[in-house]
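Notebook open, structure loaded. I jotted down what I looked up, in the order I got to it.

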Amino acid sequence: VGTMCAVVAEADDDDDYSYLNTTGNIGKRRGWNRKAIVQRGEKPRTPPTHRREEQREKYLLVDGYNVIHAWDDLKEIAAENMGVARTRLLDALSSFQGLSQYRIIVVFDAYRVEGRQIEEIIDYHNIHVVYTKEAQTADEYIEKFAYDHQKKYAITVATSDGLQQVIIRGAGSSLLSARELKEAVDIARQTSEAAYRKNQRARRVSLDETLTPEVQQQLEDLK
């Protein structure tokens, strides 16, 4: 497997006016002191510092089989061929990744597969796919990832498993139901298609503007 500090501080008077420490200027030092005087026994105030919160990389973990069985079109395909349904899901999420800020990990149960001692992790285009090891469910893999990386990454989990949703919330992760993921994928696809059509129209207008009327007429005659 494979989904975003500046410190501002005031300088001290001694640093600003270090040349006043010379012998010839000792007597003039007071004239450069700030008006604010620290009262006896009172601690000097430390200038506030402003730190920009470092943006964490965004990860989207998808419970593969849970989503397949929750999406009507994939559920229907899975009844005939689960392999095809998996590919359709991966294709949809691969397209979605290109339009989102997420690193996407799709996790499939393989806990009934004997002899698999470690997870199988592969790249599918621009997303990552995990097949869990023997005796490990997708839920367990996702929950462990969420707990292990909750401080490092901003994690969102896509599942409609009620129990897993409760556990994931406890790990500080965000949640998407399978239906909400479907809506996000569809909206991203529609936005991409609309942008493509707009770009194609713009290119056609640009081409027409560069052609002479004679050439345009010749192209029309060829149609």
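I started with the rings: Y59, F145 and Y153 make up one aromatic cluster. For pairing I used Phe, Tyr and Trp rings (the six-membered one for Trp) with centres within 6.5 Å; planes under 30 degrees apart are stacked, over 60 edge-to-face, and the rest tilted.

Before going on, a note on the source: this is a predicted model, where local features need pLDDT of at least 70 and side-chain atom pairs count only at pLDDT 80 or more, while totals for chains, interfaces and linings use all residues. Residues are numbered from 1 along each chain as its sequence is written, and side-chain values use heavy atoms, with hydrogens and water left out.

How many aromatic pairs does the structure hold? I found five. One of them is F145 with Y153, which is stacked at 6.3 Å centre to centre with 15° between the planes. I checked burial too (buried is under 20% relative accessible area, exposed over 50%, partly exposed in between; 1.4 Å probe, protein chains only). F145 is buried at 11%, and Y153 is buried at 12%.

Next I looked at W71. The charged end of K182 sits over the W71 ring, 4.9 Å from its centre. The rule for that is NZ of Lys or CZ of Arg within 6 Å of the ring centre and within 35 degrees of the ring normal.

Then T159. Is T159 buried or exposed? It is buried, with a relative accessible area of 0%. T159 lies in the loop between β5 (153-158) and α6 (162-170); helices (H or I, at least four residues) and strands (E, at least two) are DSSP runs numbered from the N terminus. Leaving aside neighbours within four places in sequence, T159 has contacts (heavy atoms within 4.5 Å) that include D63, N66, Q164 and L176.

Last, the helices. A79 is in α3 (residues 72-80) and is exposed, at 64% relative accessible area. The axes of α3 and α4 (residues 82-97) come within 6 Å and cross at roughly 150°. The axes are lines fitted to C-alpha atoms, for helices over the stretch in contact, with angles from 0 to 180 degrees between N-to-C directions. The two helices are therefore roughly antiparallel (over 145 degrees; under 35 is roughly parallel, 65 to 115 roughly perpendicular, the rest oblique). On the α3 side I noted L74, I77, A78 and E80, which meet M82, V84, A85, R88 and L89 in α4.
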